[in-house]
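The sequence and the model are shown first, and the description follows.

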Amino acid sequence: MTPDKPTAPPRRADAERNRDKILAAARAAFAEPGAQVSMAEVSRRAGVGMATLYRNFPGRRELLEALYVDEVDAVCEAAKTVGGETPGAAFAAWLHRFFAFFISKHDIASELLAQTDGDDPVFSENRARVLAAGRPLLTAAQEAREIREDLTLEQMCDMVIAIAAIHGDPDYVEPILRAALDGLRPVGDGAPA
C-alpha cells in the first residue's frame with residue numbers, strides 16, 4: 001500500500017484570482033503570432049508583481065505546462081458537452097475541438113518539447129487523458145455505424161494533428177480537415193470509396 005500524497009493547502013481566493021489572471025494573460029500573449037513572451041511580459045499583462053508570478057509558476061516551464069494542461073482539460077470537458085444531432089456528428093465536433101486545441105497550443109507544445117523530450121509525462125499523460133475522453137464518443141459513433149471501424153482513435157487523432165501542422169490560414173486548412181473527417185464515414189454512407 002502506498003502512502004497518501006500530501007495535499008496542497010487550499011488557495012486563498014485572492015491567490016486563485018492572481019493565478020487565473022496570470023494564466024489568462026499568458027494564454028493571450030502566447031496566442032499572438034510569433035510570440036516571444038517573457039515572464040516579465042506575462043507579469044505586466046496580468047497586472048501582478050514578479051514575486052506573485054514566480055510564487056505561482058517558479059519558472060517558464062511550469063507556466064507553459066499549466067497552460068497546456070488547462071487546454072487539455074478543456075478538450076476533455078468538451079467530450080462530455082459537445083453537441084451533435086447524431087453520435088457521428090458529436091464525434092466530428094469533438095475532433096474539430098481537438099483540432100482547434102492543437103493549433104492554438106502548437107507553439108506552447110514546441111517550447112515545452114525544447115525544454116524536455118517527447119517522452120515527458122506531461123505529454124504522455126495528457127495524451128492518454130484526451131484519448132480516454134474521446135473514446136466514448138468514438139464508440140457511440142461506431143455503434144451507430146456513422147464512423148468506420150478500421151481506424152483507431154489514436155490514428156484519427158494523429159491524422160488531425162498532421163492536418164493541424166499544415167501551414168496556411170484557416171481558409172486553406174479547414175477544407176482539408178473536412179475532407180479527412182468525411183473520410184471517417186463508412187464506405188457506402190456517402191463517403192468516397
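## Overall fold

What share of the contacts in the chain with a separation of 6 or more comes from residues 24 or more positions apart? Such residues account for 65% of these contacts, where a contact means heavy atoms within 4.5 Å. This is a predicted model, in which local features need pLDDT of at least 70 and side-chain atom pairs count only at pLDDT 80 or more, while totals for chains, interfaces and linings use all residues. Residues are numbered from 1 along each chain as its sequence is written, and side-chain values use heavy atoms, with hydrogens and water left out.

The chain has 8 helices and 0 strands, and from the N terminus on its elements run α-α-α-α-α-α-α-α. Helices (H or I, at least four residues) and strands (E, at least two) are DSSP runs numbered from the N terminus.

## Helix H4 with helix H6

Two packed helices are described by the angle between their axes and the distance between the axes. The axes of H4 (residues 60–81) and H6 (residues 121–143) come within 8 Å and cross at roughly 10 degrees; axes are lines fitted to C-alpha atoms, for helices over the stretch in contact, and angles run from 0 to 180 degrees between N-to-C directions. That makes H4 roughly parallel to H6, given that angles under 35 degrees count as roughly parallel, over 145 as roughly antiparallel, 65 to 115 as roughly perpendicular and the rest as oblique.

On the H4 side the contact includes Tyr-68, Val-72 and Cys-76, and on the H6 side Phe-123, Arg-129 and Leu-137 are among the residues involved. The residues of this contact divide into 11 nonpolar, 2 polar and 3 charged (Ala, Val, Leu, Ile, Met, Phe, Trp, Tyr, Cys and Pro count as nonpolar, Asp, Glu, Lys and Arg as charged, and the others, Gly among them, as polar).

## Helix H1 with helix H4

Helix H4 also meets H1 (residues 13–31), with axes that come within 10 Å and cross at roughly 85 degrees, and H1 and H4 are therefore roughly perpendicular to each other. Among the residues making this contact are Ile-22 and Phe-30 of H1 and Leu-67 and Asp-70 of H4. By class, the contact has 8 nonpolar, no polar and 5 charged residues.

## Burial and cysteines

Of the 193 residues of the chain, 35% count as buried, where buried means under 20% relative accessible area, exposed over 50% and partly exposed in between (1.4 Å probe, protein chains only). Cys-76 is buried at a relative accessible area of 12%, and Cys-157 is buried at 1%.
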